[in-house]
Amino acid sequence: MKAEQSFATWVEVDLKALKKNIKILQKETGVPLMAVVKANAYGHGYMPITRSAEESGVDWFGVARSRMALKMREEGIKSNILVLGYIAPERIEQMICLDVSLTVWTKEHIDLVEKAAANCKRTARVHLLIDSGMGRLGCHPEETLFLARLAVKTVGIELEGLFSHLAKADEADQEPTRKQEKVFQKVIKALADDDLLPGIIHMANSAGSLVHPETRYQLVRPGIIIYGLSPSAEVHLPVGVEPILSWKSVLASMKELPPDHGVSYGHAYVTTKKELIGVIAVGYADGYRRCPGNSVLINGVKAPIVGRVCMDQFMVKLENVPNPQIGDEVVLIGKQGDQEISANDLARVWETVNYEVTCGIGARVPRIYPDN
Ligand SMILES: *Cc1c(COP(=O)(O)O)cnc(C)c1O
């Protein structure tokens, strides 16, 4: 089957499927979603994803880098945006001027935000992050009351949110999440007693949203599940939530090699008989790892990768592929005929998680939105 796109490799994202996923998750969780679109929407392309999510009623977006928040505003996104972590002090003022919400967890942050807010003559929207057990960003639980008091009384700061992040919500053992939830609850109570509680409390990532209803509060922060992937084998996706990304390439060349002929750098593979070897126009510079053990789909059949993955191409064995032709579409992630290769399949071979697979698809790979 000839490829439908005139690229060497490309990603197709199904925005209809994204909207369907969001609808199902809105229904399932019963609270508003903050769609986490950091890392270029987990590799899916942040602008089309953000626009489609907005059309589905999402009005909060979580990003990691202030640069992405800036780009989103430049491209006309008016919804709420929260930078979930570190911002270079020099960027704080810019974020406040763009009405982007900031995460703080130290007195130093609050002081910096106070100054920046005064400079741009605007109120800064701030979310206080508590480390309830993640061991990453966030204040110690016992510091929360002090920081919340400080934020609330500081001119130019609106304490908009209070949040925490779950470390093990995707695992079978629910105890660590319960423990984090208890810590967070205690903080919430302390703040409520002092009338300091902000309007938006949030804690749940994808796994929390689905598995731990008590962590949903006023807003859930799903990332991976809106893209139709599960955070782990222990978390089952609601019926109808489907992957929205396919990664494709083409059969660029093929030839018959004689027995005992080396393939690719280092000749890590050597033919054992006369073999038809195909060249696929995608390599590690596109984010396809230099790591043996995967297959691709060509004409509805799995073709195993042989030899080392190169920067811009890799080789496959074509012996089981019916009638291969130069220019045939090759599926690296997605469906072809009744076969499917998932981001999870690649992750297993690469000894990582599906998150890293989609985030790792290179910037040079065009993203296409067929139904848009
Ligand atoms: C990445 C991230 C999320 C989303 O995580 P998923 O597992 O993809 O749902 C939510 N909150 C914070 C703070 C994050 O860093």
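Modeller: This is a predicted model. Starting with Thr 29: its relative accessibility is 7%, under the 20% cut-off, so Thr 29 counts as buried.

Biologist: Where in the fold is Thr 29?

Modeller: Thr 29 is placed in helix α1.

Biologist: And what does its side chain reach?

Modeller: The side chain of Thr 29 reaches the backbone oxygen of Leu 25, at 2.8 Å.

Biologist: Which residues does Thr 29 touch, not counting those up to four places away in sequence?

Modeller: With those left out, Thr 29 touches Ser 209, Arg 216 and Val 220.

Biologist: Switching to the ligand. Where does the ligand sit?

Modeller: The ligand sits in the largest pocket. The residues surrounding the ligand include Val 36, Lys 38, Tyr 42, Arg 136 and His 165. Asn 205, Ser 206, Arg 221, Pro 222, Gly 223, Ile 224 and Tyr 355 also surround the ligand.

Biologist: What distances do you get from ligand oxygen to side-chain N or O atoms, say for Lys 38?

Modeller: For Lys 38, an oxygen atom of the ligand is 2.7 Å from an N or O atom of the side chain. For Ser 206, the distance from a ligand oxygen to a side-chain N or O atom is 2.5 Å. For Tyr 355, that distance is 2.7 Å.

Biologist: How much of the ligand does the protein bury?

Modeller: The protein buries 92% of the 390 Å² that the ligand exposes when taken alone.

Biologist: Now α3. Which residues in helix α3 are buried?

Modeller: Helix α3 covers residues 46–55, and its buried residues are Tyr 46, Met 47, Ile 49, Thr 50, Ser 52 and Ala 53.

Biologist: What follows α3?

Modeller: Gly 57 follows α3, and the phi of Gly 57 is positive, near 95°.

Biologist: Last topic, the whole chain. How many helices and strands are there?

Modeller: The chain has eleven helices and 18 strands. Its C-alpha atoms fill a box of roughly 80 × 45 × 40 Å along the principal axes.

Biologist: How much of the chain is buried?

Modeller: Of the 372 residues in the chain, 55% are buried. The chain exposes about 16900 Å², with 51% of that supplied by carbon and sulfur atoms.

Biologist: And the contacts?

Modeller: Among contacts with a separation of 6 or more, 67% are between residues 24 or more positions apart.

Key. Residues numbered from 1 in each chain as written. Predicted model: local features only at pLDDT ≥ 70, side-chain atom pairs only at ≥ 80, totals over all residues. Heavy atoms only, no water. Buried < 20%, exposed > 50% of the residue type's maximum accessible area, 1.4 Å probe, protein only. Helix = DSSP H or I, 4+ residues; strand = E, 2+ residues; numbered from the N terminus. Near = heavy atom within 4 Å. Polar contact = N/O pair within 3.5 Å; in protein donor to acceptor, adjacent residues only side chain to side chain. Areas by Shrake-Rupley, 256 points an atom, 1.4 Å probe, with all protein chains shown as cover. 1 Å grid on protein atoms, 1.4 Å probe; cavity = no way out; pocket = protein on both sides within 12 Å on 5 of 7 lines; lining within 4 Å. Sits in = over half its atoms within 2 Å of the grid points. Contact = heavy atoms within 4.5 Å.
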